[in-house]
Structure formats: structure tokens, C-alpha cells
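Colleague: Please show me the model, and let us then discuss its interface.

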Amino acid sequence: MSSTTFAGSATLTGPERLPKPGVPQVIVLYRVVVGFIIASLLWKCSFYPAVYTVYTQFRMEDDFFPRLMSSTLVLVALLLTPVALGMIAMFVRRKWFMITQATVTAICMFGMCIHQGSYNDVTFLTCFWVSLWCIWYTIKIGSPEKELISQAKKFAILIISLIFFGGTIGKLTPGYWSGQVLYEIYFIDRDFWIFNLLRANFEPETLRDISTYYSRMIILAESACALLWLLPSKIAGGVAMTVLLGIVVFSNEQLLSVMFCLVGLTIVALHDPKPVSVASPATT
Amino acid sequence: MLYFLKQIWKSRDIPSAALLLIILATGTWMAALPLSTSVQQTFLRRFHLASSNYPAWAVQQIVPSMYNFENKYWFSHRPLSQDVINELSNEDTRIVNATGGMTVRRDTGIDSEIVSNMINHFPTRVATFADERIHLKDNPKGLYYFRTRYRGQEIKSTFKLQPGTTTEFKLRRLETSFE
């Protein structure tokens, strides 16, 4: 990655200045992951104004959630703070800022996971795990580049494996193995190209059979991906990218909000570390 | 990967060890799911917002769980007996509600409409999440019946929905039980 990529970025002064050799690709990787977290959070942004209206017009009083974690304003703050900090992170190289940005993002994503209005959306769960990776990564920035990137790839694959493990372990139940759950969720009436195509071409009985194979294929694919950590990072990254995109293409485009941040980690796993470059005159 | 673990151990790399510990602890907890009845019940309680308290539920929210378990709900303006719920779960005579995307079964035995659907995760979202909560303006009173199954375990919860003020609704848990 050319060091001139960062022309225009904020420069460091004093003892906090990071060593020039190796900084660009390390920071580019961080910014790629942060960019994909922002993409995850904004993928369904056209939906947000309606959500805001519903939550302010139809408040739900529920003994289970503390009042703070039912507040619409808190929800908005938890969502927008990481987006704003992530955008600033695209232009700032100070280590303390990157650590702060990653930590605040993880806290906000955890907040979304436990808020009455968003606890059910897995987008915030995957973003939380990717933010944990970001905290670790930003703390480690400044350590030897080769070692850092090597560890970053392994942790990226471990987290992706964990997310898939969570998916597959909860499907090891008769309703998924028989296909009945996905038949009712997707095959009966979901308006998505693959299900529309299948409904147009097959009788309900055949659709039910197809749903069984579809469901079992998903269980097997997720189970395989839960073991990605056993593979070399590059192969694991390739498999993960294929499965993540496959899930979106064959299930539901709304799942991109869940997948985007994981795609960011997959890019880390696929990254070929460049040799450490000597700072050129063009470097900021 | 083993070399990676040894490397972290030898170098006393605290940030890496901390991240690894979180990942391993979460993975171990999930691996116990198919094996332990009490772990299964803990997971199922989480999906019905029925953990012993809010902090205990909140801690579990970092455990990955997309498209987990068999989650189903029924919404009715009248109380439903278990026999009616069982009958409805075995039938497949549903009509898509054109306005809301909910799947609706017009009941043949009792004179009210029952809304029912399969949910990917957290069945309670039909009461709390925006895309379903908007229907409260049409159905401000009623009963939610939630059922989640995983292997041999089954949890059932009943919630009562009541209008409070013009912009506020009250959701009250009537019961949660395992079968």
C-alpha cells in the first residue's frame, strides 16, 4: 500500500508519533474494518426514520427493560456515535483516538444489544464482536507489523468462526433439520428472488422438500465455517467470504447489515502483508 | 493455531490473551448448549426475556445466536387454550396480511382473528420491535403467546398487551414455563 495514501491525514507530533515504516498498511486495515462497521450500521438507514417515528409514537412500557434502555434518544445516540467516530477515524492516526473510537463503538454496540428497541437485531451483535477485534488491534498498533498482521488475521478468523458457531449450534434441533422453520420463515411468503422463483416453479409439497435440503445445507455450511480457525487464514478468509455472500444472495439482502462488518474481518484474513517500506519523501 | 496460542502464552501478551479468553469462554458456553439441560433453559429464557434479572440477560446478549431455535408466536384478542394453540401450530392454513406482512390465520373455531408466525430469533420482538410495534395502533389490546423449542426443551410465555396513554402501551408477563 503506497504511503502517499495518507496524504492529508492528520499528522502526529511528539512522543505519540507512530513509527513511519509499516504504519500505512496497518492503519489501512483498521480503516477498512471500521468502514465495514459503518456500512453495517447504515445499510438499513432508510428504515431508521420510520423506526424513530414508531418508537416515539408507540412507546412500550415493559417491566423487564430499565427505562434508560427503552429510551428512543438513547437508541439514537448508541447508533450515531459509532458512525460519527468511525468517520473521523478515517482521517485521524492518533493511537489514543483509535483506541477510544474502538472502545466507544464496542460499548455502543453492546448498548444496542441490550436496548428494548434493538436487542433482536444481530447486526449489533456482529458489530460488537468486530469492535472487540478493533480494540485489541488498536491497542497493539505500534508492535512489529508482521507479527501484528499475522495475529490480526488469526483473531479475525476466530471471531468469524465464533459467529458461525453461534448460528449452527442453535439450529441443531428437529425444526431446522426437517426444514420446517425456514419453510415457514422464507418459503411460504418471503418476497425475495430465490423464493419467488421457487414458488413460481414448484408445488407446495415440493417446496417443503426443497426447504429441508436448503435448511440442512445451511446447517452444514455454518458448521464448516465454525471450524475455519483450523485452516490457514487465507483459505479460511476465502471460504468465509464465499459463505457470507452466499447467505446474502440466497437468503435475504437485509442480512448484509449483519454481514458487512464480518466482510471487513474477512478482508483482514485475506490480506497479504506488504514488506515494510521505508518512508518516502511523499509521506505525510 | 496451536503455535498462535503458544505464542500468546509465552509472550505474556495481555491484550491478546484477554481477547482470546473472551472468545474461548463464549465458545465453550455455546458448545455446552446441546449437552446440558440447564444451559438450554438459560438460552431459552434469554429468548423470552425471562432471565432471572436484566443484568443476567444483558451479559448473555454477546453470545452469537442468529436464526436459533424454533420460535413461534400467536397473538389473539381473546385468551387461547393450549389445545387451540396446539391445533393452530399443526395447521398450515395461513394468509399473508397485505398491510403488515404478518402471516394470519383466520380462525375457524372461535370468532376472532389470530395472528401467528415463525420468528428467526427472539420471538418477543413482535411486541417490542418497530416493524411489528406499528400494528399496535390497530391492535392495542391482546395476548401474546410465545413458544420456543430446542431439542427436548420447550419454553412458553404469555404476555398481556394493554393501552396506557394514547402513545404508550403496557406489556405484562402473565407466565413463563418449561415443558
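Colleague: What area is buried between chain A and chain B?

Modeller: This is a predicted model, in which local features need pLDDT of at least 70, side-chain atom pairs count only at pLDDT 80 or more, and totals for chains, interfaces and linings use all residues. Residues are numbered from 1 along each chain as its sequence is written, chains are lettered from A and ligands numbered from 1 in the order in which they are written, and side-chain values use heavy atoms, with hydrogens and water left out. Buried area is the accessible area (1.4 Å probe) that two parts lose on being put together, summed over both. Carbon and sulfur atoms give 66% of the area buried between chain A and chain B, which is about 6,000 Å².

Colleague: Which residues of chain A lose the most area to chain B?

Modeller: Three residues together account for 12% of what the chain A side buries. They are Met60(A), Phe64(A) and Tyr119(A).

Colleague: Which residue stands opposite Met60(A)?

Modeller: Strand E1 (59–62) of chain A and strand E7 (residues 168–178) of chain B pair in the parallel sense over four bridges. Strands (E, at least two residues) are DSSP runs, numbered from the N terminus, and two of them pair if DSSP finds at least two bridges between them. In E7(B), the residue opposite Met60(A) is Phe169(B).

Colleague: How many salt bridges are counted between chain A and chain B?

Modeller: A salt bridge is a side-chain nitrogen of Lys or Arg within 4 Å of a carboxyl oxygen of Asp or Glu. Glu168(B) and Arg59(A) meet in a salt bridge at 3.3 Å, N to O. The count between chain A and chain B is five.
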